[in-house]
Amino acid sequence: MTPKAKPTSSKPSFRWPWSEKRKGDRPVGQQPDLEDQVDLGEGNARRIEPASIGSLQVTPPIDVASNTPSVSSSEERRFQAAASRAASSSTSGLKITQAKESSTEPSSFFPHASGFVFNGGLHINANQRVSNPNDPSGWEPGWERLLQNTAPNALHDSKYRFDPPKCDEDTRVEVIEELVGWIQDRESPQRLLCMTGAAGSGKSALQQTVAERCSGLDILSSTFFFSSTDPTRNTVSAVIPTIAYQLGSNNPALREGISAAVFKDPLVFEKSLKTQMNKLIVDPIEDLSREISKSELATLPYAILIDGLDECTDEQRQAELLATIDDCLLQNDTLPFRIFIASRPEWAIRSALEITGYLHQKAYHIQLSDQYDASGDIRRVLWRRLRDIGRRSGDPRAQSPLWPSEEDIETLVLNASGQFIYAATVVKFVSERRSSPVDRLRAVLTWTPKDRAQPFAALDLLYTNIVSAAKEAYEATYPERDFLLLLRAYQLLREGRWTTGVSADFDASNAVLDLEDNAHRWLISDLRSLVTALVYNAEGRTSESLHFYHKSFEDFLDSASRSKSLFVPESRAAEFVTIACVRALDRWAITSFAYQLLLQGFGRRIPEFSCLPQLLSMGSNIERIKRWKKLDNHIEEQFEGYSRFKPFFKRVIDRWLFLLSHTLLDHESCHDQEYRRVIQTLHDKWKQVYETWSRATDAED
């Protein structure tokens, strides 16, 4: 018997763009081969031969009747049915009825099947998963595609974030109340809250606590917790799909709209954040708002929480996400969302929130490290955690009610500088089970660089990562400058280590270091999670001074064993400062503070300033003599202004004479007699002035 010719078609086979073809399998959603195609034109019914679907043997004939208007092809008709909500809502459901066997030509769409008529919407794939568009729990290709682009690790209740940091029950009460109160105040005109704070100030713990509180109130819409160490959530690429997933999970209608958007544009995840936000979030919400009342829309969960924006690896993408939130969510009054973002005060969010920034008027800004003193909460946490460790310990000393002592706790609170990360680091170190908590706490309190124990290893890693990234960014812009050397110089000048406690503000430091005005702002731009420019008023003018959020960060910079390759010895910083002062002296640009720094540094026999006579004696004879005469003029001005203040002036003259004497000794065998004669003349002059002044002041006494 000669077999009948099989029908053919010129229509190309259709395939979902995201389908993965396995060996021996037809990709999900792909049409059968050309010889297996069947035309599903309006009113047509075809006999289908028996075939196996998975483990199911289908033998009856299937008559497929379409209730929808015909379109150009059967492939387009199936695509339209899956993507269109209107088509699905008009479908009467899936109906299977017994039918008489048809003599229609066989087709291998369902080979050798007979006895079934399908009326209504039917979706079948190679894995035999069936979904009715009216059933939101069913499989939707768009939703599957969305899930592939989410970051499950970023959810507040993700198993990958098991036991996340959160606030103890009786801590950060005031901050939590302010945060949750703002989220619940839906009449507030500002729909964005930005909380910035130093590294380790407890931002993530607050976000986690607020997320759980909002979840309990049924107002939590979505969360996204960035992490620089997790490649699935250290970029912005998964933020919007993850938020959309949570929105759709909370509402079947939104899920359907989001699924249809992805189905219609499978490459939406490769487009800009603004496009993603509009297609996956804004448009589905607006479609839903046209179908339900305003009061019903208001009952949807509305709190969107994003934590650790600074941990996104690309600053430009951080800025793009903030701009997208502004453009798409804040400027659209129909949307119900209130958004809470927490971040270190790095460039992207800091520049947006500044007075001239585009979010300054639109965002409610909480500066955690500046507005809230966490010392009381840290004290409570330390007491509770260390006492718990002591009770579980086998060391009788730790079980004593006198451990830890109040003095120990206060020392730890002082060292924490209001930052929870220090307290957490101490608790983790002390809780090590292989040794006594008493001994380990003592190691923390008495630690020196010579000790083998490393109680601050976790903290040092945090500082190392931040400083290294800041160094790389700064030196890319200023390749001729040494970031670490400048940072160390600013630190030591601010501390007044070389000037008997006289601290230098940024203006004085920039002048000493021979830098342009506001040079410090670029230096600390990427260190804002560790330091800040503290603004204060002094003598009728506004000044800025370097302020460290963490005392432990200053200790880190001072310790070679902790900062390792980032360490800059004090001697090197002092030499750098001295050279900068001499350069300024050559240009007549030296300030009074710089004069004081040179004389005090050398006059107090600080070893790091022992190079001053050699630096002043460098260059040609004319250059050297000019330097000494400039210094001489400065001392004369000091004499006229401060000669009545005996202790102060005596110190100035003593140091000046000491510098001159030391230089004479260094040049005792110098062949340049003119240069030595100038120094000798200055020395004799001021020695006589000092003796005359001393006799006069002694007579007055």
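Student: Where does Pro404 lie?

Tutor: Pro404 lies in the loop between α14 (396-399) and α15 (406-416). Helices (H or I, at least four residues) and strands (E, at least two) are DSSP runs, numbered from the N terminus. A cis peptide bond joins Trp403 and Pro404, with omega at about -10°. As a general point, most peptide bonds are trans.

Student: What kind of model is this?

Tutor: The model is predicted: local features need pLDDT of at least 70, side-chain atom pairs count only at pLDDT 80 or more, and totals for chains, interfaces and linings use all residues. Residues are numbered from 1 along each chain as its sequence is written, and side-chain values use heavy atoms, with hydrogens and water left out.

Student: How many helices and strands does the chain have?

Tutor: There are 29 helices and 12 strands. Of the 701 residues, 49% count as buried. Buried means under 20% relative accessible area, exposed over 50%, partly exposed in between (1.4 Å probe, protein chains only).

Student: What should I know about phi?

Tutor: Most residues other than glycine have a negative phi. Arg172 is not a glycine, yet its phi is positive, about 50°. Arg172 lies in the loop between α3 (141-147) and α4 (173-184).

Student: Is Arg172 buried or exposed?

Tutor: Arg172 has 4% relative accessibility, so it counts as buried. Asn518 also has a positive phi, near 65°. Asn518 is found in the loop between α20 (506-512) and α21. With a relative accessible area of 34%, Asn518 is partly exposed.

Student: How do I read a helix such as α18?

Tutor: Start with its span. The expected value is 1.5 Å times one less than the number of residues. Helix α18 (residues 457-477) has 21 residues. From first C-alpha to last it reaches 31 Å, close to the 30 Å expected.

Student: Which residues of α18 are buried?

Tutor: They are Leu459, Asp460, Leu462, Tyr463, Ile466, Val467, Ala470 and Tyr474. They cover an arc of only 155° around the axis, which puts them on the same side of α18. The arc is that of the directions from the helix axis to the C-beta atoms. Leu461, Glu472 and Ala476 are exposed, on the face turned away from the buried side of α18.

Student: What do the buried residues of α18 pack against?

Tutor: They pack against α16 (420-430), α19 (483-495), α21 (519-523), α22 (551-558) and α23 (560-563). Contact means heavy atoms within 4.5 Å.

Student: How do I describe two aromatic rings?

Tutor: Use the distance of the centres and the angle of the planes. Rings of Phe, Tyr and Trp (its six-membered ring) pair if their centres lie within 6.5 Å; planes under 30 degrees apart count as stacked, over 60 as edge-to-face and the rest as tilted. The structure holds 14 aromatic pairs. In one of them, Trp447 and Phe456 have ring centres 6.2 Å apart and planes at 85°, so the pair is edge-to-face. Trp447 and Phe456 are buried. Tyr690 and Trp693 form a tilted pair, at 6.0 Å centre to centre and 35° between the planes.

Student: Which residues do ring pairs link into a cluster?

Tutor: Tyr463, Phe548, Phe553 and Phe556. Tyr463 is also one of the buried residues of α18.
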